[in-house]
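Reader: I've got a structure open and I'd like to learn how to read its aromatic rings. Can you walk me through it?

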Amino acid sequence: MANESDKLVRDQPIGMPTEQGPLAIYKGAQPEAPKWFEDAVARQYETAFTECEGARIHYQSWGDKTKPGLLLVHGNGAHAHWWDFVAPYLTDDYHVVAMTFSGMGDSDWREQYVMDTFAKEQLAVCEAAGLFHHAEKPIIIAHSFGGFVTVVTGAEHGDRFGGIVLVDSPVNPPDHPRRGPPPVRGGKVYPSLEAALARFRLAPPQLCENHYIMDYIARWSLAKRTGADGQEGWGWKFDPSIWQRFSVSRPPQELLKETRCRVALFKGEKSILWEDDVGDYMRGLLNRQVPFIEIPEARHHIMLDQPLAFVAALRTLLQEWRYSTSDRVIAG
């Protein structure tokens, strides 16, 4: 059962946050971080861009490019740097690539955003990074909104992938649809980096005790901007009106059922997004047994809440997949 502080965060309407976020107490200073985290984010990676449907798409890569590929995909309003402290733990066996969708992070904005275009961006990054050149098909690991994009990719291009891992991306039954697009947010220019960091918070709202991780991704989420008054300051990198110019072509239930590669489901034990029996519903759509992995004490943002537990579970899954055949799990 969620504790009282969790309930207060859960019941706060999305798009109507409190005045100050959890980083406000640090007044612009970086919270102390454990050595494992400092070592991980210090690992060298390459940054690159590729073009897709007229937009430059940002991605970064770690490890040996001759190894099989992993594509790491972020959630709503996020960016590739959400994986900086996870990717280094996966390079022993994989060439790891993290991408940024258009309208977010360091990728270009668009006039219109279409779910199918986001899926094309995944393919474009895989092509540019060389992930399709290996004898082993690449695997996609996708969090939250990125998981819904990946369901499109799995249904329409699954034969090009060795599997997809959906990280806290619940596909609800049609009679229990997910919440609609969030209201317009972002776009404000803050007078200082300290003021901007103080307003950073997660969506959907949740507690996160690892402030050093929140601070890290918040800094990568900001860029220098000029306000309407002409004053220089700091603003969020994502397009603030992305969800008012967004469209989908097919329901996720239909797409998940048509996925043409292996699937694994990750859930945060305390995630507020999952309704009862949604996991069983998703496995029923797939008409086969799929790994369903629940990370203890994690909320929706699993890699922020329980990063090392998430890495351990992910590495175990990937090892099992690598040394087993996929034929028996995609039949039918």
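Predicted model: local features only at pLDDT ≥ 70, side-chain atom pairs only at ≥ 80, totals over all residues.

Reader: How many aromatic pairs does a search of the whole structure find?

Author: Rings of Phe, Tyr and Trp (its six-membered ring) pair if their centres lie within 6.5 Å; planes under 30 degrees apart are stacked, over 60 edge-to-face, and the rest tilted. Here the search turns up 20 pairs. Take Y190 and W236: they sit edge-to-face, 6.3 Å centre to centre, with 70° between the planes. That pair links distant parts of the chain, 46 residues apart.

Reader: Are Y190 and W236 buried or exposed?

Author: Buried means under 20% relative accessible area, exposed over 50%, and partly exposed in between (1.4 Å probe, protein chains only). Both Y190 and W236 are buried. Now look at W243 and F246, another edge-to-face pair, at 4.9 Å and 80°. W243 is buried because its relative accessibility is 12%, while F246, at 22%, counts as partly exposed.

Reader: What sits over the ring of F49?

Author: A charge sits over a ring if NZ of Lys or CZ of Arg is within 6 Å of the ring centre and within 35 degrees of the ring normal. For F49, it's the charged end of R56, 3.8 Å from the ring centre. R283 does this over F292, at 4.8 Å.

Conventions
Residues numbered from 1 in each chain as written. Heavy atoms only, no water. Helix = DSSP H or I, 4+ residues; strand = E, 2+ residues; numbered from the N terminus.
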